Amino acid sequence: MGKSAQEQQATWIWYPGDFEIRLNEKMAVKRTARKGAYPSYWRLDRHYSNIEFRFTYDLPQEESIRIAAEGIFALYLDGKDNYRNNQSLITLPAGKHEISISLFNDTEVPALFIAGDHICTSSSWEVRSYQNDWVNAGSWTFNSASQPPSQFRLALTPQEPIRSELRDGFPLLDFGKETFGYLRFHGLSGLGKLCISYGESIAEALSPDECVLIDELDVTDMIAGAEEGSYTLKNAKAFRYVWIQADAEVHWQTVSMLYEYVPVTYRSSFQCSDPKINEIYEMSLYTLHLNTREFFLDGIKRDRWVWSGDAYQAFLMNYYSFFDLDVTRRTLVALRGKDPLTMHINTILDYSLYWFISLYDYYMYTGDLDFIRVNYNRAVSLMDFCLKQRNEEGLIVGRPQDWVFVDWADFSNEGAVSTEQILLSRGLEAMSQFAGLLGDDEASASYGKLAEEIIAATLHLFWDKDKGGLLHHRVDGENLPELTKHANMFAMSYDYLSAEQRDSVIRNVMLNPQVPQIRTPYMRFHELAVLCESGQHEYVRNEMLSYWGGMIDLGATTFWEEYDPTQTGDTHYGMYGMPYGKSLCHAWGASPIYLLGKYFLGVKPCEPGYAAFIVEPHLGGLEWLKGAVPIADGEVEVDMNEHRIRVRSTSGQGRLRYRTKGQPHEAVIPADGEWMEIRL
């Protein structure tokens, strides 16, 4: 018999993944460019419109249940097709019976909510789409009949501008820092038009002919749509500044905004002896939070899309800050979408490969095997799709319709690109682990063997002894002489190089000024992580001060998509052929969260879900540092200076690694929440 209502809470259920896929579809068409829509340029998958639920119960006496549904539904018992009921209140007979409920909705996700004394909808119910096997239903935290999934919205809170000044006779409002939400006009009156130009910078807001985001509104329509004397714009925007040009007869009392956000918990912290590093850390948290929304987005001004390469890094930053698994899971599901596959995720070859690695990281940081199990078949079909693109040398190559991205950099990605081979190998290793965990030993061995073969082929075909690293790409069976950092740093991160090769890469590639420098925070994430793993913490600290500190010195309140210190003035804001095309709040700009948490505080999982972990802190030239890192349901705190290390943990089997007089040591960290101190 099912649990009583006191033991089990009813929740809305749907076909697994469909809520996330429908939410992504809505998000993907919210981008605008100037006055027009700019939907994503890849296939947008849809929810299944026609599904069926089933559930078997055993009741000692009849029970009345109340049904809410998003869509047209019919309930029938024990497969009796001709005895269907679509009433919201139904009495079920005693005994053992099977409920079947067919549900149709072609505009929103078909979803079901049933509440009774013993029978309640939950993820234990099964569902099918009539083209797939029965699977457990999807659910989240929609636990009220009046809170259906289609009504999901982010939180809102009022914000006021911190200053206003006239520019060319019109008000320029400054909200103090980058933000996101809905502009509001209070006490609006008159006749005429409003032109609102939004800017991440003053220059952009004052350029209505060139700014990325702009609104032109009829005041009569605004007044008609006002509520309690205030009109809230229908579409949210990213901005710090707004410049409002109005016809002479248009007036208002004040302008404010509704800030839209995900109410995450800030579970991490970091402080050190350098105030600028502290500022970098706090600004990184805010940058990531602004891009933590329905999904992890790339940036809040321009694209507002879910990109797999951007999300790969946002996931890792999230594990060292908010540890918000709801946004993580939604993003992973939305990115993968549905079968059949005809195009790579976001049309980008490397972005499909990042998805496997992101799924692996999710399991390592959370230990959530159920999520892997639910998404395993989709992982299998995506890997099958990728493996069909291997050439006669066994290397994966882009098709004419694929975008082989790697990074915003001046190099060609023709032929077989070494970075893609490294990412594919890592993805295959992830698939091998997943298959083994789910009991498919044959698939696990096959994936593992293929990963080893591709790693071996990559090192054999791309390694250049004279240059001391992996060459960038190979065309028609011949290596081209270009040496870049990208494949080399991924090969180091995934431990594919020998000690001799690692040393060669550090000297000849990573620290070689003749090798093309990385310009974007996107690949700086990987570059600086590799240098930390090689003990170059002081170098990394100086790079953070120079690169992220350089943005702060220019007045940044969030971190940018790209930063080139050789640029001057408003040229900093240009990208993609647009004078203000650069995103000044980009998720991949927040990587100091990850670098400081994983490599300076030194907290790293060794087993899934932090069942075992290492704490290996490094000052990197700082006088002292302290902070906290979330580990699943607990946390680790570290407090270090030149003379001692203090550490405490609330869960897991932790080991502290440290050095005294140049010698390595390890100590067990008690999981009792009490401080342990080691003198250096």
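Predicted model: local features only at pLDDT ≥ 70, side-chain atom pairs only at ≥ 80, totals over all residues.
Let's begin on the inside. In soluble globular proteins, nonpolar side chains tend to be buried together. Here the largest nonpolar core holds 165 residues, and the members that touch the most others are Y594, F600 and L625. The element giving the most to this core is helix α7, residues 349–366, which puts in 13 residues.

Leaving out residues up to four places away in sequence, L625 touches F270, Q271 and C272, then F600 and L601, then H618 and L619, and finally V638, D639 and M640. F600, one of those neighbours, is itself among the residues that touch the most other core members.

Now for the charges. Side chains of opposite charge can pair when their charged atoms come close. The model has 45 salt bridges, and a few are worth a visit. D303 and R31 meet through their side chains, N to O, at 3.1 Å. D303 sits in the loop between α4 (275–291) and α5 (308–319), while R31 sits in the loop between α1 (18–27) and β2 (32–33), so this pair ties together parts 272 residues apart in sequence. Both ends are tucked away: D303 counts as buried at 8% relative accessibility, and R31 counts as buried at 7%.

E260 and R293 make another salt bridge, with their closest N and O atoms 2.4 Å apart. E260 belongs to strand β21 (residues 254–261) and R293 to the loop between α4 and α5, so the two tie together parts 33 residues apart in sequence. Both E260 and R293 are buried.

For a contrast, turn to R679 and E677, whose closest N and O atoms are 3.2 Å apart in their salt bridge. R679 is exposed, with a relative accessible area of 56%, and E677 counts as partly exposed at 43% relative accessibility. Salt bridges can also link up into a network, as they do for R22, E25, K26, R46 and E108.

Next, the sheet. Strands of a sheet pair through backbone hydrogen bonds, either parallel or antiparallel. In this open sheet, six strands run in the order β7-β6-β9-β4-β11-β12, with antiparallel pairing. At the edges are β7 (84–85) and β12 (135–136), each of which pairs on one side only. Further in, β4 (residues 50–59) and β9 (residues 95–104) pair in the antiparallel sense over ten bridges. To get your bearings on that pair, find N50, which stands opposite F104 in β9.

Last stop: helix α14, residues 537–553. With 17 residues at 1.5 Å each, α14 should span 24 Å, and its end C-alpha atoms are 22 Å apart, which agrees. Which residues of α14 are buried? They are H537, V540, R541, E543, M544, Y547, W548, G549, G550, M551 and I552. An α-helix has 3.6 residues a turn, so residues three or four places apart point the same way. The buried residues of α14 pack against α4, α13 (521–533) and α15 (592–600). Just after α14 comes G555, which takes a positive phi of about 95 degrees.

Notes: Residues numbered from 1 in each chain as written. Heavy atoms only, no water. Core = buried A, V, L, I, M, F, W, Y, C linked by side-chain atoms within 4.5 Å. Buried < 20%, exposed > 50% of the residue type's maximum accessible area, 1.4 Å probe, protein only. Helix = DSSP H or I, 4+ residues; strand = E, 2+ residues; numbered from the N terminus. Contact = heavy atoms within 4.5 Å. Salt bridge = Lys/Arg side-chain N within 4 Å of Asp/Glu carboxyl O. Pairing = 2+ DSSP bridges. Expected span 1.5 Å × (residues − 1).
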